[in-house]
Amino acid sequence: HNIYGPRMGFDHVIPQFIEKIVKKENPFKIFGGKETRTFCYIDDGIEATQLIMESPNTNGKTIHVGRSDEEIKIIDMAKKVFNVAGVSPEIDIQPAPEGSVMRRCPDITKLQKLGFSPKVSLDEGLKKTYEWYRDKF
């Protein structure tokens, strides 16, 4: 569920926000904004995947990888990225893309029973992600 971080591609919301910031888009277009998501930093996603792979109790089971403790509206995510980048553009809210779901938040109960606990906060992960992507656009 919404794994993010350095080298995660360019067709996802966080790299797209960073690209708009680097290119000084103003007004800054946000498509939707009220939808909520959770974001899992790549290091935590790898740890979770490894726990699942190494546990004999996960064979044949569906286990969600992600985090559920930092659900955030897309508009608030944009503001967090603005804060990391030190910018404050005018925001232009556009309609959400057709078919966009209002909420995406995984149930990670099974993952937590394996001992998973995310370590990288959203703010820390965004800082690392911004620093990597900033020079790529």
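**One lysine and its surroundings**

Lysine 128 has a relative accessible area of 31% and is therefore partly exposed, since that class lies between the limits of 20% for buried and 50% for exposed. The model examined here is a predicted one. Lysine 128 belongs to helix H5, which covers residues 122–133. Apart from residues up to four places away in sequence, lysine 128 touches Pro6 and Tyr41. Its C-alpha atom is 22 Å from that of glutamate 25, a residue 103 positions away along the chain.

The buried residues of H1 are Ile14, Pro15, Phe17, Ile18, Lys20 and Ile21.

The packing of H1 against H3 can be described in more detail. The axes of H1 (residues 13–22) and H3 (residues 74–85) come within 10 Å and cross at roughly 50°. The two helices are therefore oblique to each other, and their crossing is right-handed. On the H1 side, the contact is made by Ile14, Phe17, Ile18 and Ile21. On the H3 side, Ile74, Met77, Ala78, Val81, Phe82 and Ala85 take part.

The backbone on either side of H1 also deserves attention. Most residues other than glycine have a negative phi, and most peptide bonds are trans. Arginine 7, in the loop between S1 and H1, has a positive phi of about 60° although it is not a glycine. Arginine 7 is exposed, at 67% relative accessible area. Just after H1, lysine 24 likewise takes a positive phi of about 60°. Lysine 24 lies in the loop between H1 and S2 and is exposed, with 69% relative accessibility. Proline 27 is also placed in the loop between H1 and S2, and a cis peptide bond, with omega at about 10°, joins it to asparagine 26.

Elsewhere in the chain there is an open sheet of three strands, in the order S5-S3-S7 and with mixed pairing. Strands S5 (72–73) and S7 (103–104) stand at the edges with a single partner strand each, so one side of each has no neighbour in the sheet. S3 (residues 36–37) runs parallel to S7, and two bridges join them. Arginine 37 stands opposite arginine 104 in S7.

Two loop residues complete the picture. Cysteine 105 is found in the loop between S7 and helix H4 (109–113) and counts as partly exposed, at 24% relative accessibility. Beyond its neighbours within four places in sequence, cysteine 105 is in contact with Thr38, Ser68 and Glu71. Arginine 67, in the loop between helix H2 (42–54) and S5, is buried, with a relative accessible area of 4%. Its side chain makes a polar contact of 3.5 Å with the side chain of glutamate 70. Among the residues that arginine 67 touches are Thr38, Phe39, Asp44, Pro106 and Val120.

Methods:
Residues are numbered from 1 along each chain as its sequence is written. This is a predicted model: local features need pLDDT of at least 70, side-chain atom pairs count only at pLDDT 80 or more; totals for chains, interfaces and linings use all residues. Side-chain values use heavy atoms; hydrogens and water are left out. Two strands pair if DSSP finds at least two bridges between them. Helices (H or I, at least four residues) and strands (E, at least two) are DSSP runs, numbered from the N terminus. Buried means under 20% relative accessible area, exposed over 50%, partly exposed in between (1.4 Å probe, protein chains only). A polar contact is a pair of N or O atoms within 3.5 Å; within protein, one must be able to donate a hydrogen and the other to accept it, and residues adjacent in sequence count only if both atoms are side-chain atoms. Contact means heavy atoms within 4.5 Å. Axes are lines fitted to C-alpha atoms, for helices over the stretch in contact, and angles run from 0 to 180 degrees between N-to-C directions. Angles under 35 degrees count as roughly parallel, over 145 as roughly antiparallel, 65 to 115 as roughly perpendicular and the rest as oblique. A crossing is left-handed if the near helix is turned anticlockwise from the far one by less than a right angle, and right-handed if clockwise.
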